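I opened this notebook to keep track of what I looked up, one topic at a time. Each entry says what I searched for and what I found.

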Amino acid sequence: MNFIPELNARQKMLGLLAFSAGFLFVVLLLSYGLSNDNLRIGAGGKNLGPSVDHIFGTDWLGRDMFTRTLKGLRLSLSVGAFASVLSVGIAIAMGICAATFGRTADAVISWIIDLFIGMPHLVFMVLICFIVGGGIQGIVLGVCLTHWTALARVVRAEVLQVKSAEYIHISRSYGKSSWTIARKHILPSIFPQIMIGFLLMFPHVILHEAALTFLGFGLSPQTPAIGIILSEAMSHISTGKWWLAVFPGLLLVAVVKSFDSIGEKVRILLEPSSSNE
């Protein structure tokens with residue numbers, strides 16, 4: 001029967017979704033459970049390779065790299081989540097305004113979207129960070145102001161489709177304002193697309209946040225951010241201390257791929273027609 005393969009594929013997809021979510025939960029749980037004492041200078045032997053006592057080894061100051069990496073990832077995830085929420089908010093506002101406030105607003109917002117898309121992400125983020133003066137606020141602004149464009153286009157297209165629905169015309173005939181219609185009718189209808197957009201945006205935000213901190217913009221060197229950890233490790237790889245960069249890099253890739261997998265699986269579950277499987 002045809003529904004049996006479909007059911008098995010859905011169960012497999014849910015299993016992969018649960019595995020990715022479980023992995024991220026374990027990473028966050030460990031980051032809170034590990035003691036900050038492991039980050040003290042000289043807490044362990046200096047420049048020790050991976051072992052039972054230090055899974056990811058120790059750095060040139062004797063700090064445990066496993067603790068440092070997990071706490072750095074937690075900080076990157078926190079900054080990335082906040083920046084993603086702000087970016088989604090910008091995308092929602094721009095997309096809804098473009099689709100509901102007439103041709104002039106649509107033309108202006110479409111021009112702004114094309115302008116932002118035409119700029120290289122990393123260069124634009126570095127420029128924003130430099131103008132703001134660095135720090136977490138520079139990273140958040142740099143990320144959220146450069147990642148909203150694709151989702152804004154999706155929101156605009158969805159809103160244009162929803163606008164043709166009969167209940168929207170009925171609401172307008174009762175004298176409801178465009179703002180009321182957008183808030184009470186349009187926004188709930190496009191929420192699944194917004195959620196998918198957020199989940200698919202998040203991996204890119206994490207990578208770009210790590211890239212900014214790797215280049216030295218934003219956070220102080222004392223902060224255990226994943227980009228700073230990788231940047232500091234570059235000067236020690238030539239001396240044979242490969243574990244300083246390999247393990248943090250692999251864990252960053254694993255976290256990013258987990259979020260990307262969650263976004264793709266949620267997209268397929270909410271929009272089965274978008275899948276070619």
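The entries below go from the nonpolar cores to a pair of packed helices, then to salt bridges and one histidine.

**Entry 1: the model.** Before anything else I wrote down that this is a predicted model.

**Entry 2: the nonpolar cores.** I looked up the largest nonpolar core and found that it has 31 residues, and I listed those with the most contacts inside it, which are Ile96, Val143, Val155, Val159, Ile190 and Leu212. The elements that give two or more residues to this core are α2, α3, α4, α5, α6, α8 and α9, and α2 gives the most, with 8 residues. I then took Ile190 as a place to look around, and, leaving out residues up to four places away in sequence, I found that Ile190 touches Ile96, Val155, Glu158, Val159 and Val162. Another core, of 30 residues, lies apart from the largest one, and Ile226, Val255, Val256 and Ile262 are among its members.

**Entry 3: the length of α2.** With 36 residues at 1.5 Å a residue, α2 should span 52 Å, and because its end C-alpha atoms are 51 Å apart, the two values agree. After α2 comes Gly102, and I noted that its phi is positive, near 95 degrees.

**Entry 4: α2 against α10.** How do α2 and α10 pack, at what angle and with their axes how far apart? I found an angle of about 135 degrees and axes 7 Å apart, and the two helices are therefore oblique to each other. On the α2 side the residues that meet α10 are Met65, Arg68, Thr69, Gly72, Leu73 and Ser76, while on the α10 side they are Ile226, Ile229 and Glu232.

**Entry 5: salt bridges.** How many salt bridges does a search of the whole structure find? The search gave 6, and I followed three of them in turn.

- The side chains of Glu232 and Arg68 meet with an N to O distance of 3.0 Å. Because Glu232 lies in α10 and Arg68 in α2, the pair ties together parts that are 164 residues apart in sequence. Both residues are buried, and both belong to a network of salt bridges that links Asp59, Arg63, Arg68 and Glu232.
- Asp106 pairs with Arg156, their closest N and O atoms being 2.8 Å apart. Asp106 is in α3 and Arg156 in α6, 50 residues apart, and the pair links distant parts of the chain. Asp106 is buried, with a relative accessible area of 16%, whereas Arg156 is partly exposed, at 27%.
- Arg267 pairs with Glu264, and here the closest N and O atoms are 2.6 Å apart. Both lie in helix α11, 3 residues apart, which is about one turn of the helix. I recalled that an α-helix has 3.6 residues a turn, so residues three or four places apart point the same way. Arg267 counts as buried at 18% relative accessibility, and Glu264 is partly exposed at 27%.

**Entry 6: a histidine.** Is His185 buried or partly exposed? At 26% relative accessibility His185 counts as partly exposed, and I placed it in helix α8. Leaving out residues up to four places away in sequence, I found that His185 touches Tyr167, Ile168, Ser171 and Thr180. I also looked up Arg172, 13 residues from His185 along the chain, and found their C-alpha atoms separated by 11 Å.

Note on methods: Residues are numbered from 1 along each chain as its sequence is written. This is a predicted model: local features need pLDDT of at least 70, side-chain atom pairs count only at pLDDT 80 or more; totals for chains, interfaces and linings use all residues. Side-chain values use heavy atoms; hydrogens and water are left out. A nonpolar core is a set of buried Ala, Val, Leu, Ile, Met, Phe, Trp, Tyr and Cys residues joined through side-chain atoms within 4.5 Å. Buried means under 20% relative accessible area, exposed over 50%, partly exposed in between (1.4 Å probe, protein chains only). Helices (H or I, at least four residues) and strands (E, at least two) are DSSP runs, numbered from the N terminus. Contact means heavy atoms within 4.5 Å. The expected span of a helix is 1.5 Å times one less than its number of residues. A salt bridge is a side-chain nitrogen of Lys or Arg within 4 Å of a carboxyl oxygen of Asp or Glu. Axes are lines fitted to C-alpha atoms, for helices over the stretch in contact, and angles run from 0 to 180 degrees between N-to-C directions. Angles under 35 degrees count as roughly parallel, over 145 as roughly antiparallel, 65 to 115 as roughly perpendicular and the rest as oblique.
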